Amino acid sequence: MWVEAELRKGLQPVRAPGELWERIQQRDVELPSRGRRYVWMLAAAAMATVVLFVARPRGEMRSGDAARIREWVQLHTGLNVPLEASTALRLVGAKGTEGRAEIACRVGDRDVKLVVSRARAGVVEASAHQTYKGGKAVSWTMRGQLYTLACATPEDLQVACMLCHAGGVRPVG
Amino acid sequence: MVLDGNDREVIEGCQRGDYDAFRVLFETNQDRVYSIALRYSGDPAAAMDIAQETFLKVWASIGDFRGDSSFESWLYRIVVNRCLDYRRRGRRWMPFLSGLLDAVVTPAESVLHKLMRAEVEDDVQRIVGKLPAEQRIVVVLRYTEGLSYEEIADVVGCSAGTVASRLNRAHKLLERRLAHLKKDARRSGHVG
């Protein structure tokens, strides 16, 4: 068809003018330029640093394994809680943020909670008993960490000591 | 068309914000984009605007390209939309004279022949420029880019049958308007 031949010749491709790239770069306002990209990359890196090292996101895990919980707590809160495996109680899991951990376990059908945080500077090792939501709680400091153990009954406190002292050592106080 | 490893690497580079990768992508596709813009608009200044907007759009949207269709189809869609948008904004198209000017400045024995040829091509471009937008874009994709009916349908977003119908109507219109070229075509053996 003659018209198709004319169209092929009349509409053949052409080379783009050399200044097209310059034209695109002139519209730098709308382009994420290298400089601005680096700023964004730095900002993203800074944000990631904050998230990772300053404001660690809340997290929690479920496990009945003392070693696993201890490892998770250390990783997510920076606290070293010397948990030990014990048959007298059943570990449930842990949750925590930087500098504070809560470890949950059960004695029979009752909940026991161990809260660990960094002790304020200058606090000497001490302990105190108090009532906690109708149950019993005992707090003490040890090696720069503040421990609070909360249980439903005084008897459970004795058992809960086995969280860290599988041999059954009484809590301080 | 399936992306080869290099194309994929370039596109992924662009998606990561690598400006050097974008430069490679531009170099690879600039003639294609500019040709469509020029043949559609018939105006070098408009074609520059369209090509510029197309690449800016590509850079801004490359993150949305998922590879479900070919990169070429995705790029064609952008340039086609830029063409249609540009036209809708009511820019005034200037007569297409670059071919004519090229012929005039060629100092060779065939100046007269080139001048005549440029005049014919200028006629074709001018008359194509008067086609309705939806016919013109399929004509440009068919004869500038050599796309198949199916490929055009994919880019324009219609069926291959619609593409065939638009091309058929365009051919008939162009045959009437380019009738004065038919005699020349006969002489050069293109009558079919």
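**Figure 1. Helix α4 of chain A in a predicted model**. Helix α4 covers residues 66-77 of chain A, 12 residues in total. From first C-alpha to last, α4(A) reaches 16 Å. That is close to the 16 Å expected at 1.5 Å a residue. Just after α4(A) comes A:G78, with a positive phi of about 80°.

**Figure 2. The buried face of α4(A)**. The buried residues are A:A66, A:I69, A:R70, A:W72, A:V73, A:H76 and A:T77. Viewed down the axis of α4(A), they fall within an arc of 165°, so they line one face of the helix. The cover over these buried residues includes three strands of chain A: β1 (59-62), β2 (90-97) and β3 (100-107).

**Figure 3. The exposed residues of α4(A)**. A:A67 and A:L75 are exposed. Both sit on the face of α4(A) turned away from its buried side.

**Figure 4. The contact between chains A and B**. Chain A brings 26 residues to the contact, and chain B brings 34 residues. On the side of chain A that touches chain B, α1 (2-10), α2 (20-26) and α3 (34-54) of chain A each supply at least two residues. Of the chain A elements, α1(A) gives the most to this side, with 8 residues.

**Figure 5. Residue classes on the side of chain A that touches chain B**. This side of chain A divides into 15 nonpolar, 2 polar and 9 charged residues.

Notes: Residues are numbered from 1 along each chain as its sequence is written. Chains are lettered from A and ligands numbered from 1 in the order in which they are written. This is a predicted model: local features need pLDDT of at least 70, side-chain atom pairs count only at pLDDT 80 or more; totals for chains, interfaces and linings use all residues. Helices (H or I, at least four residues) and strands (E, at least two) are DSSP runs, numbered from the N terminus. The expected span of a helix is 1.5 Å times one less than its number of residues. A residue is buried if 20 or more other C-beta atoms lie within 10 Å of its own, exposed if 12 or fewer, and partly exposed in between; C-beta atoms are placed from the backbone. The arc is that of the directions from the helix axis to the C-beta atoms. Two residues are in contact if their C-beta atoms, placed from the backbone, lie within 7 Å. Ala, Val, Leu, Ile, Met, Phe, Trp, Tyr, Cys and Pro count as nonpolar, Asp, Glu, Lys and Arg as charged, and the others, Gly among them, as polar.
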